[in-house]
Amino acid sequence: MNEQIARDVVLVRAVEGADSERTIFTNEDRTHASRAAAELARWRAGEQRQAPTAESFIGQRAELLAETLPRRAPAIARAARAFDWPAWVGVALPVVAFALGALLEHIADRQHVNVLAFPLLAIVIWNAVVYALLLLRMVMRASGTRGDLRGLRRWVTATRQPRVRNVAGAATASITAFVAHWSALVAPLMAARAARVLHLAAALFAIGALAGLYVRGLVFEYRVGWESTFLDASAVHAILSLFLSPAAQLIGVPFPSVDEIAALRFTNGAPGNANAALWIHLYAVTVGAVVIVPRLTLALVASWQERWRARRFTFDMNEPYFRRLAGSFTAGAARLRVIPYSYTVDEAAMSG
């Protein structure tokens, strides 16, 4: 089932379970929905030259009943719509991230680059920490210590819980049951959607930072240097080499030596005289390789997971609720097992 149909199934199941008085879905509503859903499921299966399934029947029945909720129980319908993913988030957050990245360069000195306090270095380190956490989670899953989504489920439930307020009777019980069951079922899909947006935003933040730096570098000259209370030229060379020497090899330039690094040190607070173009290029290549490409790749993976999860909602059709609904729809003979309880069956009855 896709996301919409699965949500309708959970919603209708919650209403039917709580509405013992049949005030929301009457007996006539339920009977009509079952008959119409059976006809539609068989007709659609015939169109596709496939055998009708209990899943298609139950999904169609839930759609028919859910269509009546905005009229019968508007509060329940609003609770269901509260789980709609706001599509604007997937556009607005990356755009804002790009804008913030472009403005990041203006936080520091606009014409002097401190290679030890460069904002791009912070971006690289932060993303390296994120990758380490993602790798740790993968290792934990591979070792059998599977992390769950209870935190996300609690957040989803808490953010939707205000929809239950000022609602009484069967509607309250229906919404409570729906929120509890659907938040647990949709949590993996929500996680994939959030991952897609966050990875894309992180990539665009880095792209914005590079774009702002290069655009300003077209009309202003950046001068490069460094200063430190505790580090000498050798230590600074070791740190910068760790982060930037692969980029130097990639673009085919020699990485500056210790003496060249020492010559860049700010003297008495005076800015250095070296042009910062080489260092900007090294940082740009590093950010592209460490941040932009991996984040865009992770965003594509999360997007694939999102599409896959949105079409792969499944239910256990052996649960009593589904078996009762699909009993008259499913073709084939039913098999029963009779187990006597607190009663002794005589020989004639047993043979019969």
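Visitor: Of the 352 residues of the chain, what percentage count as buried?
Guide: This is a predicted model. Buried means under 20% relative accessible area. By that cut-off, the buried part of the 352 residues is 38%.

Visitor: How many helices and how many strands are there in the chain?
Guide: Helices and strands are both present. The strands number 3. The count of helices is 14.

Visitor: What share of the contacts with a separation of 6 or more comes from residues 24 or more positions apart?
Guide: Take the contacts in the chain with a separation of 6 or more. Then keep those between residues 24 or more positions apart. Their share is 84%.

Visitor: How far does H1 reach from its first C-alpha to its last?
Guide: At 1.5 Å a residue, 22 Å is expected for H1. The reach in the model is close to that value. It is 23 Å.

Visitor: Which helices are included in what covers the buried residues of H3?
Guide: H3 runs over residues 54-66 and reaches 18 Å, close to the 18 Å expected. Its buried residues include Phe 57, Ile 58, Arg 61, Ala 62 and Leu 65. The cover over the buried residues includes H1, H2, H4 and H13.

Visitor: Which element gives the most to the lining of the largest cavity?
Guide: The structure holds 1 cavity of 30 Å³ or more. The largest cavity has about 40 Å³ of space. H1, H3 and H13 each give two or more residues to its lining. The top contributor, with 3 residues, is H3.

Visitor: How many residues of the lining of the largest cavity are charged?
Guide: The lining consists of Val 9, Val 12, Ile 58, Arg 61, Ala 62, Tyr 321 and Leu 325. Of these residues, 6 are nonpolar and no residue is polar. The charged count is 1.

Visitor: Which residues are the closest to the centre of the second largest pocket?
Guide: This pocket holds about 420 Å³ of space. Its lining has 20 residues. The closest to the centre are Met 1, Ile 5, Thr 53, Glu 55 and Ser 56.

Visitor: Which element supplies the largest share of the lining of the second largest pocket?
Guide: The lining divides into 9 nonpolar, 8 polar and 3 charged residues. H2 and H3 each supply at least two of the lining residues. The largest share is 5 residues, and it comes from H3.

Visitor: Which strands stand at the edges of the sheet?
Guide: The sheet is open, with 3 strands in the order S1-S2-S3 and mixed pairing. An edge strand has a single partner strand, so one side of it is left without a neighbour in the sheet. The edge strands are S1 (112-114) and S3 (274-275).

Visitor: What is the bridge partner of Arg 223 in S3?
Guide: Strand S2 covers residues 223-225. S2 and S3 run antiparallel and are joined by 2 bridges. The partner of Arg 223 is Asn 275.

Visitor: Is Ser 174 buried or exposed?
Guide: Ser 174 sits in helix H9, residues 170-217. Beyond its neighbours within four places in sequence, Ser 174 is in contact with Ala 14, Val 15, Ala 18 and Ile 76. Its relative accessibility is 0%, so Ser 174 counts as buried.

Visitor: What separation do the C-alpha atoms of Ser 234 and Ile 261 have?
Guide: Ser 234 is in helix H10, residues 233-251. Ser 234 is partly exposed, at 44% relative accessible area. Ile 261 is 27 residues apart from Ser 234 along the chain. The C-alpha separation is 8.2 Å.

Visitor: Where is Arg 22, and what is its phi near?
Guide: Arg 22 lies in the loop between H1 and H2. At 37% relative accessibility, Arg 22 counts as partly exposed. Its phi is positive, in a residue other than glycine. The value is near 60 degrees.

Visitor: Is Ser 342 buried or exposed?
Guide: Ser 342 lies in the loop between H13 and H14. Its phi is positive, near 55 degrees. Exposed means over 50% relative accessible area. Ser 342 has 72% relative accessibility, so it counts as exposed.

Note on methods. Residues are numbered from 1 along each chain as its sequence is written. This is a predicted model: local features need pLDDT of at least 70, side-chain atom pairs count only at pLDDT 80 or more; totals for chains, interfaces and linings use all residues. Side-chain values use heavy atoms; hydrogens and water are left out. Helices (H or I, at least four residues) and strands (E, at least two) are DSSP runs, numbered from the N terminus. The expected span of a helix is 1.5 Å times one less than its number of residues. Buried means under 20% relative accessible area, exposed over 50%, partly exposed in between (1.4 Å probe, protein chains only). Contact means heavy atoms within 4.5 Å. On a 1 Å grid over the protein atoms alone, a cavity is a set of points where a 1.4 Å probe fits but cannot get out, and a pocket is an open set with protein on both sides within 12 Å along at least five of seven lines; lining residues have an atom within 4 Å of a point. Grid points are joined across faces, edges and corners, and a volume is the space filled by probe spheres set on the points. Ala, Val, Leu, Ile, Met, Phe, Trp, Tyr, Cys and Pro count as nonpolar, Asp, Glu, Lys and Arg as charged, and the others, Gly among them, as polar. Two strands pair if DSSP finds at least two bridges between them.
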